[in-house]
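Dear colleague,

Please find the structure below.

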Amino acid sequence: MNSLILTLGHNASAVIVSDNGDIICGYEQERLSGIKSDSNFPIDAIVRADQEAGGFDEVYVSHWFANGQLSANKYWDP
């Protein structure tokens, strides 16, 4: 089971995480829209991540940490 993790606002992004917490893929909206610090809803990032990962079962809103790891704390908890 894969989970979609969204960050909204400044540098909106979409990350897909496996059921054991490994990051499968992730995209920042600005990389796909070409708008620096894009804070629009990350629909392009969601579509691209969904295509790459082959789908997701759950959606969470969280933060993407600089070291590329999602922390199981108040921001994300399966």
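From the N terminus on, the elements run β-β-β-α-α-β, giving two helices and four strands in the chain. Helices (H or I, at least four residues) and strands (E, at least two) are DSSP runs, numbered from the N terminus. This is a predicted model, in which local features need pLDDT of at least 70 and side-chain atom pairs count only at pLDDT 80 or more, while totals for chains, interfaces and linings use all residues. Residues are numbered from 1 along each chain as its sequence is written, and side-chain values use heavy atoms, with hydrogens and water left out.

The nonpolar core

Of the 78 residues in the chain, 35% are buried; buried means under 20% relative accessible area, exposed over 50%, and partly exposed in between (1.4 Å probe, protein chains only). The largest nonpolar core consists of nine residues: Leu4, Leu6, Ala14, Ile16, Cys25, Ala45, Ile46, Ala49 and Ala53. At least two residues of this core come from each of E1, strand E2 (13–17) and H2, and H2 gives the largest share, four residues. A nonpolar core is here a set of buried Ala, Val, Leu, Ile, Met, Phe, Trp, Tyr and Cys residues joined through side-chain atoms within 4.5 Å. Apart from neighbours within four places in sequence, Ala49 is in contact (heavy atoms within 4.5 Å) with Ala14, Ile16, Cys25 and Tyr27.

Pro42 and Thr7

Pro42 lies in the loop between helix H1 (29–33) and H2 and is buried, with a relative accessible area of 0%. Residues up to four places away in sequence aside, Pro42 touches Leu6, Thr7, Leu8, Ala12, Ser13 and Gln29. Thr7 belongs to strand E1 (residues 3–7) and is likewise buried, at a relative accessible area of 10%. C-alpha to C-alpha, Pro42 and Thr7 are 8.2 Å apart in space, although 35 residues apart in sequence.

The surface patch

Leu8, Phe41, Ile43, Val47 and Val61 make a nonpolar surface patch of about 470 Å². Accessible areas come from the Shrake-Rupley method with a 1.4 Å probe, and for residues only the protein chains shown count as cover. Ile43, in helix H2 (residues 43–53), is partly exposed, with a relative accessible area of 46%.

With kind regards

Methods: Patch = residues over 30% accessible without salt bridge, like charges linked within 9 Å, V, L, I, M, F, W, Y side chains within 5 Å. Salt bridge = Lys/Arg side-chain N within 4 Å of Asp/Glu carboxyl O.
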